[in-house]
Amino acid sequence: MDKNSALQQTFEHSRTYFPSLGDSYKGHKILFMDNSAGAQVSSFVIDRVKDYYIHRNAQKGTIFKRTAEMQERIIEARQMAADFIGAADHSEIAFGLNATSFFHHFAHHLGRDLKAGDHIIITEADHHANVDPWLELAERGIVVDVWTVDTNGDLDYEQYEQLLQNKPKIVAAGWASNATGTIHDMERLTRMAHNAGALVVADGVQAASHLAIDVKKAGVDFAAFSTYKIFGPHMGFCYVNRENLARLDGWRIQKELTESAYFFEVGSQNHEGIEGFIGSMEYLAQLSADAAGNGLDIDMTPLRDGRQARKEFAGAMYWAHLYEKQLSAYFLARLQEIDGVVLYGKTADYVDERLPVFSFNIKGFETDKLGHALDAAGVEARTGNYLAINLMKRLADEFGGSALRISLVHYNTVEEIDRFFAILKRIVGK
Ligand SMILES: Cc1ncc(COP(=O)(O)O)c(C=O)c1O
């Protein structure tokens, strides 16, 4: 089997692990195309959560066996998260409510070291999860500079160089845009920030649903992720480069935990969700095995180190990205068949630099009405600004800063894209 057929076979089969993907609504087979907001979960996750409730439903900090087992699972889950993103080990990971709350924690802790007149950089491209926590620091006289984008939504590196001359303390930036799907060059961004003496806080949320993330290769100092966008339960986790732990000297409830990122896990955690996260990583390992069964060998993936679990989890994402590029090329080619489309972000010539996340408007059609018409036909997609408020204001001003977003992941198929366009053409009369 050639590589493209192997990718297609692997990922079309991946749907069979997701019980929710066969759903119908009001007689329509649902096309789930809102994956950037949150992905579906596989039966690996559902089974893990159920198993937790039956066998390990206990609170931490006591002596009985079920508690000990539950605590071991949490460490195992942190190690899996570390393998997934390429962190050193579990001590650089903490689970928590979601990515947004981690950005607030980062701003709170790192902000303690800042004084009036210090600069930090945020971007015009980011989701407000990694914008608003930093803007709050402006109330204390900290200068928040905005790194802007050009008319395609690409970050303007010339302006970045100028902003770095202010010797900012922190650069807060996204790994990939949840609006345009554009992948940002985190290695370049971080190298430039470090040369200027700044720490980098990365929003890895969108990128992690699509790419083999490597926090060490990118060099970022802090990052946050949403587990529910990587085929797991509604939660998040963060990465803290161990070398930076000493900087986080606030809010330490248990002194003995200050050697690790765990101190972010204050209070009781979502144990069932954390076990569900283990299921999401088991799913990725299964995908790697399926890929290998179709002749795609994880040893062919360019991963930094040889840890088997890393190879399996990030390996699955490596193959997923290759497959998703095929979906992007196909989707963008079909989009050209619709008159009056205004696409925000990279065109089909740049599928290497984008995720299969497509925001667009159609001239003559109100965005929200389009969304409702699609919903009535069984297409679950999103309209609005998806909290990339500044970016959408910049790109889609003539449509009130709003657009229709179709966001796909590796379990979507060419056949679904065809069904989507058949529906869209019916709605817009072409
Ligand atoms: C790029 C990006 N960052 C952050 C978030 C917020 O994540 P959470 O819900 O985990 O706080 C989202 C959610 O859509 C997102 O797309």
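Start with residues 321-420. Over this stretch the chain is 39% helix and 20% strand. Its end C-alpha atoms are 21 Å apart. Keep in mind that this is a predicted model.

The UniProt record puts a name on these residues. Its annotation reads "domain: Aminotransferase class V" and comes from an unreviewed entry. The annotation covers residues 32-291 as well as 321-420.

Now turn to the ligand. Where does the ligand sit? The space it takes is the second largest pocket.

Next, look at the residues around the ligand. Asn98, Ala99 and Thr100 are among them, and so are His127 and Ala129.

In serine 226, a side-chain N or O atom is 2.7 Å from an oxygen atom of the ligand. For tyrosine 228, the distance from a side-chain N or O atom to a ligand oxygen is 2.4 Å. Lysine 229 has a polar side-chain atom 2.7 Å from an oxygen atom of the ligand. How much of the ligand does the protein bury? Taken alone, the ligand exposes 400 Å². The protein buries 90% of that area.

Terms used: Residues numbered from 1 in each chain as written. Predicted model: local features only at pLDDT ≥ 70, side-chain atom pairs only at ≥ 80, totals over all residues. Heavy atoms only, no water. Near = heavy atom within 4 Å. Polar contact = N/O pair within 3.5 Å; in protein donor to acceptor, adjacent residues only side chain to side chain. Areas by Shrake-Rupley, 256 points an atom, 1.4 Å probe, with all protein chains shown as cover. 1 Å grid on protein atoms, 1.4 Å probe; cavity = no way out; pocket = protein on both sides within 12 Å on 5 of 7 lines; lining within 4 Å. Sits in = over half its atoms within 2 Å of the grid points. UniProt positions renumbered as here; feature names shortened; annotations may be inferred. Helix = DSSP H or I, 4+ residues; strand = E, 2+ residues; numbered from the N terminus.
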